[in-house]
Amino acid sequence: MQRIIGIVGLAHCGSTALSRLAACLPEVASAGEIHWLIDATGKNREKKLCTVCRSRCPVFSKNFLKKKFPVKRLYSAVANQFGKEILFSSDKSTRNYDRFVPVNTLEAIILYKRPVSQAFSLRRVMSLRDGVTAWRNFHLKALGWAEMYAKSTTIISLEAFMAHPQRNLRILADRLSLETPKNIPNLKNIPYHHINGNHRAHSSKKIFVDQKWRKRVPENFIKKVQRERPVRSLLNYLDAESRRILCP
Ligand SMILES: [Zn+2]
């Protein structure tokens, strides 16, 4: 049985940046949002193309994309296509992992960012207020879900991870017993084939966490969220778990 490592997180949680970094781990097939291979139809059908090479991809080739994948065999088909034993997925929702991964096999990485930062990323689909509520509900549910259905759980703060991406990638690889290359190349030199994902994160040559929200969200909203106990206590818990793993 191949190993499956999967990011659990909300949309725009930073999964594309982490997936790009994971692509430089020699044993790992970092394939992106694999569920689109099954779910991309109609006006979404382009989403199953490799974001880097589009229709010319040697991995997600025309022949491969033509195949019909049984839901339970999708992940192993993708890993085989890369010729690797370990699949790294950024399918993110627990619902996707329920569909594709047998119970107690997923090595889950819960990737989260600051609640207001997350709400700001979701502002086109919901209000900031609803975004903060979505942040809380998602992570509470994800923690409970991982406890029940994942083989292991690693909790990671996006901001903390990306403050020292190379160092933290080694720490993460170590924790997951993965080989690391001697030198982790610059992001722009890491070859990767990836389904969908955040296009800005794909094209950027550098890793950075977007901090626009600090200027664009009203100060009193940020302060109000910081005072909310249910949000604060969940964030404290996640941060404490993340600090146990990552370097300060
Ligand atoms: Zn490609």
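1. Start with the contacts. In the protein chain, 81% of the contacts with a separation of 6 or more are between residues 24 or more positions apart. Bear in mind that this is a predicted model.

2. Overall build. The protein chain has 13 helices and five strands. Its radius of gyration is 18 Å, close to the 18 Å that the globule rule gives for 248 residues, so the chain is as compact as a globular protein of that length. Along the principal axes, the C-alpha atoms fill a box of roughly 55 × 40 × 40 Å. Of the 248 residues, 38% are buried.

3. Five strands form an open sheet in the order 2-3-1-4-5, and the pairing is parallel. Strand 2 (28-32) and strand 5 (152-157) are the edge strands, each pairing on one side only. On average, neighbouring strands are turned by 20 degrees against each other, direction ignored.

4. Strand 1 (residues 3-8) and strand 4 (residues 106-112) run parallel and are joined by five bridges. Look at valine 8: its bridge partner in strand 4 is isoleucine 110.

5. A helix on the sheet. Helix 13 (residues 229-245) lies across strand 4 and strand 5. Relative to strand 5, helix 13 runs at about 100 degrees.

6. Helix 1 deserves a look. The buried residues include Arg20, along with Ser15, Thr16 and Ser19. Also on the list are Ala17, Leu18, Leu21 and Ala22.

Conventions. Residues are numbered from 1 along each chain as its sequence is written. This is a predicted model: local features need pLDDT of at least 70, side-chain atom pairs count only at pLDDT 80 or more; totals for chains, interfaces and linings use all residues. Two strands pair if DSSP finds at least two bridges between them. Helices (H or I, at least four residues) and strands (E, at least two) are DSSP runs, numbered from the N terminus. Axes are lines fitted to C-alpha atoms, for helices over the stretch in contact, and angles run from 0 to 180 degrees between N-to-C directions. Two residues are in contact if their C-beta atoms, placed from the backbone, lie within 7 Å. A residue is buried if 20 or more other C-beta atoms lie within 10 Å of its own, exposed if 12 or fewer, and partly exposed in between; C-beta atoms are placed from the backbone. The radius of gyration is taken over C-alpha atoms; the globule rule is 2.2 Å times the number of residues to the power 0.38.
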